[in-house]
Amino acid sequence: MTLRIHNTLTGGKQEFVPLREGEVSLYVCGVTVYDDIHLGHARSIVVFDMVSRYLRQLGYDVTHVTNFTDVDDKIINRANEEGVDPLELSARYIDRYFEETDSLKVRRADAYPKASESMEAIIEMVEAIIDNGYGYATDEGNVYFSIAKVEDYGRLTNQRLEDMSGAREVMQDPQKRDPKDFAVWKAAKPGEVAWDSPWGRGRPGWHIECSAMIRSHMGDLIDIHGGGNDLIFPHHENEILQTEAVTGGTLARYWMHNGMLQLQDEKMSKSLGNFLRVSDLLREHDAQTLRFFLLNTHYRGPLVYTEGSLEEARSSLRRLWNTWRELQAYRRSAAGADDAAAPLERARAEFRQHMDDDFNSRAAISALFELARELNRMMADGSMSAAGAEAALELMGEFDEVFAILPDEGDGGELDAVVGLLADVRQELRRRRMFDLSDMIRDRLKEAGIQLEDQGEGVKWKRI
RNA sequence: GCCGGGGUAACAUAGAGGCCAUGUGGCGGACUGCAGAUCCGCAGACGGGAGUUCAAAUCUCCCUCCCGGCCCCA
């Protein structure tokens with residue numbers, strides 16, 4: 001079995017062969033830090049978290065880099081509104097980014113370069129673009145990338161230049177040689193954050209930071225470049241051009257793009273409903289539920305969020321949690337002889353097969369559910385051995401290295417002892433058929449967020 | 001206008017020529033003082049129309065609807 005990846009460049013799935021055996025370089029476009037991240041950002045972040053986790057599970061030594069765009073019009077505008085320094089504003093949102101992605105159980109990337117800290121590499125790159133005849137500076141201190149020498153502009157989008165909309169003819173810098181030329185360095189307007197450069201004070205253009213950061217952090221050619229599919233054009237297209245103008249070679253071998261999150265029948269409404277902050281969602285839902293929702297569909301397809309989406313995700317996920325917790329209890333009292341090897345092997349193979357097929361997490365999760373059903377059955381009839389339960393937990397844990405959707409460990413401790421005591425008292429009351437009291441204990445515990453469940457001879461409890 | 005991604009049972013998603021889809025929800029049963037969990041079973045589907053084929057949700061063509069990209073955006 002080999003990993004196959006859908007490559008936007010070719011429009012189809014290809015076998016994944018890394019540049020250097022056993023190593024993968026993965027660059028994912030990050031966010032512009034002028035506000036909190038929303039569920040759409042979370043989708044991209046969680047998807048590529050899953051990708052890098054799976055690559056690691058396959059044994060690759062993964063170098064995962066994600067950038068922060070901290071120099072940008074929107075940041076400057078927002079900072080002006082608030083009367084703070086732009087870099088101070090972006091630093092604040094970078095902190096928040098980490099708080100939220102940590103909460104989402106996203107593994108930290110290996111590096112998070114910022115535009116503001118990559119000026120040397122950016123300026124060097126702009127110079128090289130000019131030296132190689134792909135760029136020109138204007139009197140005003142702007143530097144544009146000239147598409148005149150580019151033969152296949154639009155290759156990532158499979159579009160021809162002529163077909164693209166001409167809506168941009170407005171508000172053009174008259175010094176541009178072609179309307180499609182794009183800025184790699186922008187002269188600073190009075191009062192803007194700016195850096196010294198050979199062309200005067202200014203700041204980087206829209207796309208140059210990624211090209212420069214990739215080059216300085218990961219080299220001229222990387223394995224996988226990822227991002228949302230809204231970045232394909234022009235951002236990634238232009239990244240490619242810039243890098244090729246400098247290195248003479250390709251930028252990335254595989255381009256992966258996640259689909260957009262859609263909100264049901266909500267247009268551009270300014271109402272809060274249109275902007276689902278991860279921080280808000282995390283108040284109502286646990287990280288696992290959000291991750292499950294985001295991973296329970298193929299990463300390339302669209303994902304529609306509606307009112308009950310997360311509740312449904314939660315219900316589904318509880319099924320898995322239940323099996324997981326049952327297994328923990330079962331292994332201590334297991335009496336059966338079956339080591340569950342057959343279902344475990346089947347699940348392992350299916351998981352692998354689906355993940356190898358362009359990271360089809362949805363299908364892999366289906367396999368997980370099938371496994372859960374078989375394990376539940378074996379526990380219900382007591383046929384599973386302790387070793388089987390142990391192996392099942394291990395396998396589920398293995399899947400969870402990629403998804404991170406199972407419960408946090410460590411319910412236990414003192415709480416365990418106290419709840420256990422209450423459960424014992426209740427059992428005794430039930431034996432004496434004093435159901436009013438036994439129900440009271442159960443109800444009050446439920447109010448406190450703990451659910452008791454009667455099993456044949458014992459009682460289980462869990463947080464709800 | 002051009003380029004993509006979609007339209008699968010009540011809902012959410014897989015699947016990409018024949019073989020058991022998965023979950024939520026619903027119904028019936030087992031278990032049960034009740035509730036919950038779990039198990040067993042049931043119902044229910046491939047946007048529309050042509051075509052290819054012994055066989056199409058899956059291939060071809062046409063139509064239609066939704067979403068995204070073409071200034072910024074994960």
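Visitor: Okay, in which sense do β3 and strand β9 pair, and over how many bridges?

Guide: This is a predicted model, by the way. In it, β3 and β9 (residues 222-228) pair in the parallel sense, over three bridges. Across that pairing, L26 stands opposite I224 in β9.

Visitor: And how many bridges join β3 to strand β4?

Guide: Eight bridges join them, and β3 and β4 (residues 61-69) run parallel. There, V24 stands opposite V62 in β4.

Visitor: Why is β3 largely enclosed?

Guide: Seven of its ten residues (23-32) are buried, so β3 is largely enclosed by the rest of the structure.

Visitor: Switching topic: which residues have the most contacts inside the largest nonpolar core?

Guide: L55, F359 and F403 do, in a core of 82 residues. Helix α1 gives the most to this core, with ten residues. Domain 1 (4-258) and domain 2 (310-403) both give residues, so the core lies between them.

Visitor: What does F403 touch?

Guide: Leaving out residues up to four places away in sequence, its contacts include M50, R291, L295, F351 and M355. There's also a second, separate core of 41 residues, and C29, A115, W195 and C210 are among them.

Visitor: Last one: how many residues has helix α11, and what follows it?

Guide: Helix α11 (residues 361-380) has 20 residues and reaches 28 Å from its first C-alpha to its last, close to the 28 Å expected. G382 follows α11, with a positive phi near 70°.

Conventions: Residues numbered from 1 in each chain as written. Chains lettered and ligands numbered in written order. Predicted model: local features only at pLDDT ≥ 70, side-chain atom pairs only at ≥ 80, totals over all residues. Heavy atoms only, no water. Helix = DSSP H or I, 4+ residues; strand = E, 2+ residues; numbered from the N terminus. Expected span 1.5 Å × (residues − 1). Buried < 20%, exposed > 50% of the residue type's maximum accessible area, 1.4 Å probe, protein only. Pairing = 2+ DSSP bridges. Core = buried A, V, L, I, M, F, W, Y, C linked by side-chain atoms within 4.5 Å. Domains from an automatic or database assignment. Contact = heavy atoms within 4.5 Å.
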